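Hi everyone, thanks for coming.

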Amino acid sequence: MVNPQGGHSVLGLDIGIGSCGWCLIDTKYQRIIASGVRLWDTPQEPKTKVSTASTRRIARSSRRNTKRTADRKKHCLRLLKQNGLVPSKESAQWLQSRKKDKPVIKLRAAGLDRPLNNREWAQVLYSLCDRRGYIPHGEGGDSDNESKKVLSAIEHNKELLSQAGFRTVGEMMYHSGRSRNTGGDYSLCIDTNALIEEIELLFAAQNRLGNTKASEAFREAFREVFSWQKDVTANDLRIYNQVGHCTYFPEEKRAAKSCLSSELCEAYERVGHTTWIDSKGLEHKLPADIRQKIIRTLFSIEPIKGNKYCKVTYSKVRQWMSLDSDSPFKGIDADKEKTLELYKPKAWRLLRDTLSSEFMHQLAADRELADDFCSAITFASSKKSLTKEMENRGFSEDEIEHASALPYNAKLFSGYGNRSLKALNLLVDAFEEDAEDIVTLSDAEQASGLLQKRNSPEATYTQLPPYTLFDPTCKNPVVLRVMGQVRKVVNAVIREYGMPDEVHIELARELKQSKREKQLVSDRNRITKNRRDGIIAKLREETGDEPRMKLIRKVELFEEQGGRCIYCDGVIEYERLIKEGHYAEIDHALPFSRTCDDSQSNKVLSCKKCNQDKKNRTPYEWFCQDDLNWEEFELRVSRNKKLGQIKRQKLLNTNLEEKQENDFIERNLNDTRYASRAAKDFIERYLRFPDNGKKQHVFAVAGGATALLRQSWGIRKDREEDCLHHAADAAVIAACSPSTVIKIAKASEKKALTKKENRAALFADTQPWEGFAAEVMRQKEGIIPTHMIDHKVSGRAFEDTIYSYKGIREDGQKGQLATKKKGLKVSSNYVRRDDGSAIVVDGLAYINLWLDAEGRKGKGQYLLEPIYYADIPFVDSQGYMHRFLPAQSDKKPRESWDTVPERLLATKPLTIFPHDAILVKGKVRRFKTIGIAACSWSLYDPTGKLSDGEATKGLAFASLTKDDQLELIHEDVLGRCYIDLISNSGSKE
């Protein structure tokens, strides 16, 4: 169904971390055009929420390190044989400790004072090559906790080596009685340079003591094997070539985040947006002299007396401005002011702590030099690469030495922003040249002429391009997958229904919050939950019934206000509060109908009379108009520290004029979080919307506003019930507009004066059109969500543990695998390796279903062949054995499974990936996984309404015959493929 000519279509998007509900409505012709849900697997580990890419990266790194160690030991063994220390036909086992052998750590100490025989000398050198200590790659700065523990242990052992008078690390460890760290202990971490010194001393001692196998030529050859490292210069260049181009100047590369210009621009931007609120509720930016003082302090060349790290906290700014405690900083909790900094120039701070005062003065005087210096450090990941890059940039030997002292491989010196150095210099110059008038980034853009470049309409499309075009620096796999799927949904809607007039988006909380914000919210929610659980338990005991949420909130406010009415300070009796519904009321401090603010910070508890007398006014308007004592109220509220700072500010607002009302409404309707803005900007920048006279076409809607609409219209949301609620949410998001929310706010004000039987009609009139909510629920029931299917067939091939293979169990059903720590394990799905070990197969890529029409006495049967990630490199090669799952009664290891008959290999199997939609016996299901032991499969309901057991009931794999309907459904993104399917079958079931 295409949108009629002259309609006004709005696309609502409910974007989650693993889902995107969508709904296209026509506000002019008052109808829902279409809606649906798109799902995908989140690229995170389920328990830890760590990126699966990160887990695989760590595993790859571990495998690389293991291989490099093995290669190094192989070269070392070859060198030892060439120099006559190890017999030419012997393997590394010849060096392993035997009975009566002295421990290698003892030999390392003894080798300083007596000649070692060939085998002892070979054992010492081979051991040193095996564990060559910590090799610094410029880590430091803001390193993770584990790296800090390692670096701390290294420094401690350096001091211990020096103070205790030990000649080498080996001698120190021998006398300590320990030579290796164990589980989480880093106390024996040693820098590789300390081991190089030990090697030099051992060779010198052995040469002096007459050991003919300690020649200068042998020493140099061993040092070369010991110190070999892979050259990463080419890799550094490859990574730099992937850096995107400037937002303003497409021909310019983006600048490193560690550059002085980058940090200066970000600091000016952050400081320019800092806002404080006076006693009348009016907002103010920081004055020019204070802003300049903040910048001077943050980017001081030398540490400031009494402020070593040159920090600027909110409490410090309060002190500089002589602000009293009743003038809060916008969005900042009062208890965080002493520790929370306005901005942290991490790179400049580290430069100041590490480099000489003379060189710091050079960098501060020449911003171009400082930018070039930090760019080179960001580019490099090894000392060799850093030296080469700085030489190419014309730096002197002294300057290269300065750079080498910095943690060039730390996270601090990684990553690039969105602007080039050319653009950054224009912005910083604008901030510095007119500090009085240039306050915000948009002011600087306007003054420098960059605003016009950013708003240039040169590249708009009828389809969204890949997200990486918008943000080439984004490497977060979760964000990339989310935005990739959102792009698919938006483009599919445009292809099917044409370009919408507006797009409304709402992002899930977990996508909008940083790690720190998530932790703060989690801590706050835990405290709130514990307090609320206590209230609920108490009310259950006192009332003998399950308390309603409204009563729970009344009691919370009762405790917050010390059991008194917020307005008249009269005592509120607890017994009457919990028994009499209208004895005390929850009131909006700033009228809901004028601000659309339904947040907890705008709710207070008042006695019934005060609530009625206040009417649709602010406390200040009411007190002044009715000649009440405002000063006494103001003093009482200011002293009540149980009230949050924002709530006190709203209670004491003295200037809720029309402009401020509109500001409140805009703030409560629009989501301005970074992630929401990024998603909004992505869609807005690239789509060519209809020219309908409107300046704005894309809106990021605040979650609180849609929750209010959903509640008012009776659109129930149950996350546990199914996944179809995402489509209903998207419909509400599409319908969310300032006028709609204001209607609901006004209806809410009338609610208390309206009879219960008429309240539903009161809110029904606020819907975009009559019957909107009912239409949303009807549409929802006809939806089958689509699912992203990953056909890349890449994933973890094997479990991490390597087992010793002990043969087949006596019953012939499973293989026996063992480790020293875990003992014996049985498995039927493993791979034996050439060295006698075994590894367990992990990760199902897909299944092949081979139809044997002659099987089961002519009824036909399907043979299930699982293909694992471990099979992918071989599955298409000649000679690959296609093996299928044995029947439940015929259990045996995978290597003994029967092969698919030759006659079937000439046919094409039905290939099904996890999450693929299939039509089986007339029912739509998705494939989940297989059960090897029972030769079974697990299916699930695409809508989420049925449990896995219910979804698979009656559809057991073993029961399928050739007459049963079994086919793969080729899904489109919007799920249009199901329209005919449902109408033909009459049901999704």
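Trp121, Val124, Leu125 and Leu128 in α3 meet a set of residues in α6, namely Leu195, Glu198, Ile199, Leu202, Phe203 and Gln206. Please keep in mind that what you see is a predicted model.

How are these two helices arranged? Helix α3 covers residues 118–130 and helix α6 covers residues 192–208, and they pack at an angle of about 165 degrees with their axes 11 Å apart. At over 145 degrees, α3 and α6 are therefore roughly antiparallel to each other. Their crossing is left-handed.

Now stay with α6 and look at its other partner on my list, helix α7, residues 216–227. The axes of α6 and α7 come within 11 Å and cross at roughly 160 degrees, so this pair, too, is roughly antiparallel. Here, though, α6 passes α7 in a right-handed crossing. From α6, the contact is made by Thr192, Leu195, Ile196, Ile199, Glu200 and Phe203. On the α7 side you'll find Phe218, Arg219, Phe222, Arg223, Phe226 and Ser227.

Last stop: helix α17, residues 421–433. This helix has 13 residues and reaches 18 Å from its first C-alpha to its last, close to the 18 Å expected. Which of its residues are buried? They are Ala423, Leu424, Leu427, Val428, Ala430 and Phe431. Seen down the axis of α17, these buried residues fall within an arc of 155 degrees, so they line one face of the helix. As a reminder, an α-helix has 3.6 residues a turn, so residues three or four places apart point the same way.

Technical notes: Residues numbered from 1 in each chain as written. Predicted model: local features only at pLDDT ≥ 70, side-chain atom pairs only at ≥ 80, totals over all residues. Heavy atoms only, no water. Helix = DSSP H or I, 4+ residues; strand = E, 2+ residues; numbered from the N terminus. Expected span 1.5 Å × (residues − 1). Buried < 20%, exposed > 50% of the residue type's maximum accessible area, 1.4 Å probe, protein only. Arc of directions from axis to C-beta. Axes fitted to C-alpha atoms, helices over the stretch in contact; angles between N-to-C directions. Parallel < 35°, antiparallel > 145°, perpendicular 65-115°, else oblique. Left-handed = near helix turned anticlockwise from the far one by under 90°. Contact = heavy atoms within 4.5 Å.
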